[in-house]
Amino acid sequence: MKTARFSRVGFVLAAAGSAVGLGNVWKFPYMTGENGGGAFVLVYLATIILIGVVLFLGEVIMGRLSRKDSVSAFRNLAPKNGHIWKYSGLMVFTGIMILSFYTVVLGWIFKYIVISFNNLPVSATESGMLFGSIIGTNVPNQIIYFSLAFLLTFFIVSKGVKRGIERINLILMPLLILILLVLLIYAINLDGFTQAVSFMFNPDFSKIKGMTILKALGQAFFTLSLGVGCIMTYASSLSDNTNLYRSSLMVAAMDTFIAILAGLIIFTFTFHFGVEPSGGPGLVFVSLPPLFNEMGTFGTIVSLLFFIALAFAGLTSAISLVEPSISFIINNTKLTRFQGLVIIGIVTYILGFMALLSNVKDLKEYVTFFNTGFFDILDFLSSSILMPIGGILVAVFVGFFIQKDKLRALLVPDMGEFIFKTWHFGIRYIVPFGVFLVMINQLFFS
Ligand code: TRP
């Protein structure tokens with residue numbers, strides 16, 4: 001079956017839909033809070049530029065040249081030993097690991113849409129207790145929201161209404177940015193704002209601890225949807241005349257802008273309400289709702305729109321996590337799209353369910369291994385190990401195994417010779433060695 005191609009802006013929309021998600025608004029602020037503020041942000045920005053954008057373009061090229069799923073891309077583009085290279089494409093399954101805890105968090109967002117209507121917490125303490133009870137004690141309720149997030153994601157992928165969702169995103173992404181800007185204006189007038197700016201942009205290098213760089217790297221991969229063949233799969237439907245370089249830059253810029261914006265807002269309210277910035281995955285859910293409450297009726301509307309827009313941003317990202325595996329299954333096995341979805345759905349649901357239980361007070365001991373809850377295990381394994389490895393494989397493959405002339409023909413018209421050379425150096429040396437060194441150093445020597 002010949003798959004439909006994206007329109008010129010279609011790819012940017014789809015890739016931005018994948019990149020912009022809970023990673024920007026939920027994960028980035030709490031990672032920054034947990035890992036020392038400004039120092040983390042600095043390392044994160046450096047990794048986005050030096051590694052993220054370079055690799056993003058690498059994935060785009062593999063998809064665009066092969067026009068197939070990740071496994072086929074490695075197999076078909078390899079000059080020789082395609083039967084060995086193809087295993088690199090199995091990185092698509094990292095996406096399923098990510099998806100399983102991603103849908104748990106998406107479930108929390110759904111819950112907060114409902115909370116927006118009638119019981120926004122009045123204080124930080126109450127807000128913290130509310131979040132604690134949502135993830136820690138009210139299990140049946142959480143299972144319902146998680147299942148809803150799960151079903152919605154798989155329903156959309158099964159119907160192939162991706163295009164429709166992307167179109168909705170075309171409205172909701174600007175809405176999300178607009179709401180964030182409104183919140184920012186509100187934030188600028190609070191005392192917490194100066195503190196937030198200094199927390200985020202005044203790096204204290206003594207705060208760079210063992211894992212900081214690896215975490216920043218993982219976050220850069222996560223937020224740009226790298227290392228699992230997601231961007232590669234989307235790029236396989238690129239139209240011939242899309243400017244690859246400009247599209248990649250646009251997606252990365254938009255993604256970074258939204259993360260920074262979300263960080264500034266959330267930290268302002270964190271300091272304003274005296275919440276701990278290092279509070280972990282609950283940060284957004286604890287620091288924002290009391291503010292919405294303080295804003296009165298207008299706050300209810302803003303809260304509602306905020307969580308709805310975030311839910312859509314999360315959904316388009318969730319969809320993009322399923323697509324690479326499905327694309328692999330359809331192209332490489334005899335299974336149909338639907339059968340593939342059922343198998344992947346079952347695995348996702350089981351893993352997600354375990355992740356959910358690992359936050360529950362009385363049950364977490366059953367899903368804790370090596371002293372770490374299953375939710376955190378999935379997150380650590382994917383962001384700090386599997387995605388970086390996927391990234392190294394893509395970089396080495398594009399840098400050393402795809403003919404330079406082929407790359408040049410594709411890229412130089414868009415980016416010029418100088419940037420092309422710089423990029424090629426980056427993907428050959430900086431990305432693989434950089435990522436490798438960071439991983440080894442932090443996993444074994446810290
Ligand atoms: N980038 C998305 C976010 O920030 C999450 C995501 C979608 C993702 N596809 C991915 C993360 C592929 C890693 C790999 O929310």
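Trainee: Which side chain has an N or O atom 3.2 Å from a nitrogen atom of the ligand?
Mentor: That of S320. It is a polar contact, a pair of N or O atoms within 3.5 Å. Keep in mind that this is a predicted model, where local features need pLDDT of at least 70, side-chain atom pairs count only at pLDDT 80 or more, and totals for chains, interfaces and linings use all residues. Residues are numbered from 1 along each chain as its sequence is written, and side-chain values use heavy atoms, with hydrogens and water left out.

Trainee: How many residues surround the ligand?
Mentor: 18, each with a heavy atom within 4 Å of the ligand. The closest are A19, G23, Y102, F222 and S225.

Trainee: What is the shell like by class?
Mentor: Ten nonpolar, eight polar and no charged residues. Here Ala, Val, Leu, Ile, Met, Phe, Trp, Tyr, Cys and Pro count as nonpolar, Asp, Glu, Lys and Arg as charged, and the others, Gly among them, as polar.

Trainee: Which helices supply at least two residues of that shell?
Mentor: Helix 1 (10-19), helix 2 (22-34), helix 6 (94-118), helix 11 (212-223) and helix 15 (297-332). Helices are DSSP runs (H or I, at least four residues), numbered from the N terminus.

Trainee: Where does the ligand sit?
Mentor: In the largest cavity. To sit there, more than half of its atoms must lie within 2 Å of the cavity's grid points. On a 1 Å grid over the protein atoms alone, a cavity is a set of points where a 1.4 Å probe fits but cannot get out. The volume of the largest cavity is about 140 Å³, the space filled by probe spheres set on the points.

Trainee: What lines the largest cavity?
Mentor: 16 residues, with S18, I98, F222, S225 and L321 nearest its centre. A lining residue has an atom within 4 Å of a point. Helix 1, helix 6, helix 11 and helix 15 give two or more residues each.

Trainee: Switching to the second largest pocket: what is its volume?
Mentor: About 390 Å³. A pocket is an open set with protein on both sides within 12 Å along at least five of seven lines.

Trainee: Which helix gives the most to its lining?
Mentor: Helix 17, with eight residues. The lining holds 20 residues, including K215 and D376. Five are charged.

How values were computed: Polar contact = N/O pair within 3.5 Å; in protein donor to acceptor, adjacent residues only side chain to side chain.
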